[in-house]
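Student: Could you walk me through reading cavities and backbone angles in a model?

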Amino acid sequence: MSSVKNQATGLAAGLNENQWSQINQATAALNPQQLTWLSGYLAGLAQTGQPAAAPQLSHHAAKSLTILYGSQTGNAKSVALEYKAKLDALNVPAKIASMADYKQKQLKTESHIVVIVSTHGEGEAPDDAVALHSFLVSKKAPKLNDLKFSVLGLGDSSYEYFCQTAKDFDKRLQDLGATPITDRVDCDVDYDADVSTWFETVTHQVKDELGTKSSQSVAPSLGISAEPETGSQYTKKSPYCATLLESQKITGRDSVKDIRHIEISLEDSGIQYRPGDALGVWFKNDVALVDALISELGLDSDAIVTWLGEDYALSEILVNKLELTQSYPTFVSQYAQSADSVELNALLDDKSVLREFLAQRQIIDIVRQFPAKITAQQLVSSLRSMTPRLYSIASSQAEVEDEVHLTVALVEYNAHGYGHQGGASSFLSSRLEEGGEVNVFVESNDNFRLPDDDNAPVIMIGPGTGIAPFRAFMQQREAEEASGENWLFFGNPNYTQDFLYQTEWQRFVKDGVVNKISLAFSRDQEQKIYVQDRMLEQGQELYQWLEQGAHIYVCGDANHMAKDVQDALVQIVIEHGAKTTEQAEQYISDLRRAKRYQKDVY
């Protein structure tokens, strides 16, 4: 009705039907920000009677800072949004975009950019940064002599390719002639302080060059999808205090794995999440582990220590604030100074040996192996901040409403003569009682979403706890009565002990929600069989699904499974698509760019 009324008003103002049609076509694809700018442009045109030159998105136009982020789990995106908010508060003109949505050719028109990017897998760019990363190293990349830039990398120093993607962007932009605003900053997992310093440094360098938004007119950013900070009030820094409803073991008595189905209440929080999102869980370290560490070092649990400007009792800060169940190079470096151990210091000179050493030890193992006399403050200063653990959400709110479900594998093993447990997994599985409180937040994952088209087929590959998001996917597709076919590949050691959510998947099949399930139980026969083997066995049908527009999803282990699945996909395309290896790899790359090949791996 409103469009008819508007047309009548337009015709009354002297517009003919052809002009009205042209206006509708020209404005149909514009977003509210662009429409607002256009209304001002037209108002000015009406006053002057002279047509204005079209805005040029080049370095000759009003300058602004473009924030580009590449994020796999959401951290880089959160940092980018935080920086955009700070610049807005200072009235510094800035735009923001995911690298996945950024038009690559626009890069040569920029005056100032910052790149905020994580590193994925073995030095690989996160999925939403792959296209821009590839473009920059290609012959198509333009000279960028007029560009000023800065790069912020997010990573984990425990891994070999620490912040490799950030290093790649930094080097390539300089190779293309761009000038660094400031040196690249590579952040470890406890990155808040480094990020804050980087914010201040970059802002100080660019604010005079960019001026303020009130003093200049910035053309609409047609090639960039601005993303205002929206969603829940609860975040990583300000989590919601939720209640544990249930922690139920869902593997059999004789299983080699202890996997739990966790249900958490979000009642009255107003928190919303989507299938594909993750739940961030803040946990507490085991009191018994803390007591053992304090005892090994001969310290007083009530000793007062200072951390981030506040005073704490030693036992309190070790339980609630510091990372004990994962080891990291910074601890070894600082502890080695106190231990005065030749062997420990030698580890620091060989990064590959150090990584292997750390992978097999928790903090207390290092202390036991290399005893030292240190003060409580020295211990605290050598440890890094606890970071929340992210778990793929195993439920859809269309089904569970104000609850959130997780599928958690309890990390539990013996090493160096002692029993060990994972920090968050043991907290959720055994130490937190039903009715107990746990601080949580939702980490949005736009790189792992169901197709917008309900008719699109879906292929899900999720061995072990990788099945979690696919339970959410099927709950959602069932609730929406999506007509697209669904195919699950699932694997675990034994059928009788480890078929997670078996009755639910059988019901999905019975009700026609799931059309096909391919199972790979590795220890049920002499020769081990994995999901990638089932994929190859049914390669022809899988390729047909892809040719019919299927979206393929992979969730689970990044180090081995995800690589094996990728190799299997390439082999399937070669064999059943009659393509060369290079063509098959391009086929898979095109699927990823079209967001039809998405991974949630860890």
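Tutor: We'll take the cavities, then the backbone. This is a predicted model: local features need pLDDT of at least 70, side-chain atom pairs count only at pLDDT 80 or more, and totals for chains, interfaces and linings use all residues. Residues are numbered from 1 along each chain as its sequence is written, and side-chain values use heavy atoms, with hydrogens and water left out.

Student: How many cavities of 30 Å³ or more does a search of the whole structure find?

Tutor: Rolling a probe the size of a water molecule over the atoms shows where empty space is left. Here the search turns up 2 cavities of that size. A cavity is a set of points, on a 1 Å grid over the protein atoms alone, where a 1.4 Å probe fits but cannot get out.

Student: What lines the second largest cavity?

Tutor: This cavity holds about 30 Å³ of space, and its lining is L68, L107, I113, V115, L132, L136, F169 and L173; lining residues have an atom within 4 Å of a point. By class that makes 8 nonpolar, no polar and no charged residues.

Student: Which phi does H416 have?

Tutor: Most residues other than glycine have a negative phi. H416 is not a glycine, yet its phi is positive, about 60°. H416 sits in the loop between β14 (412–415) and β15 (418–421).

Student: Is E481 buried or exposed?

Tutor: E481 is exposed, at 70% relative accessible area, where exposed means over 50%. E481 also has a positive phi, about 55°.

Definitions and conventions:
On a 1 Å grid over the protein atoms alone, a cavity is a set of points where a 1.4 Å probe fits but cannot get out, and a pocket is an open set with protein on both sides within 12 Å along at least five of seven lines; lining residues have an atom within 4 Å of a point. Grid points are joined across faces, edges and corners, and a volume is the space filled by probe spheres set on the points. Ala, Val, Leu, Ile, Met, Phe, Trp, Tyr, Cys and Pro count as nonpolar, Asp, Glu, Lys and Arg as charged, and the others, Gly among them, as polar. Helices (H or I, at least four residues) and strands (E, at least two) are DSSP runs, numbered from the N terminus. Buried means under 20% relative accessible area, exposed over 50%, partly exposed in between (1.4 Å probe, protein chains only).
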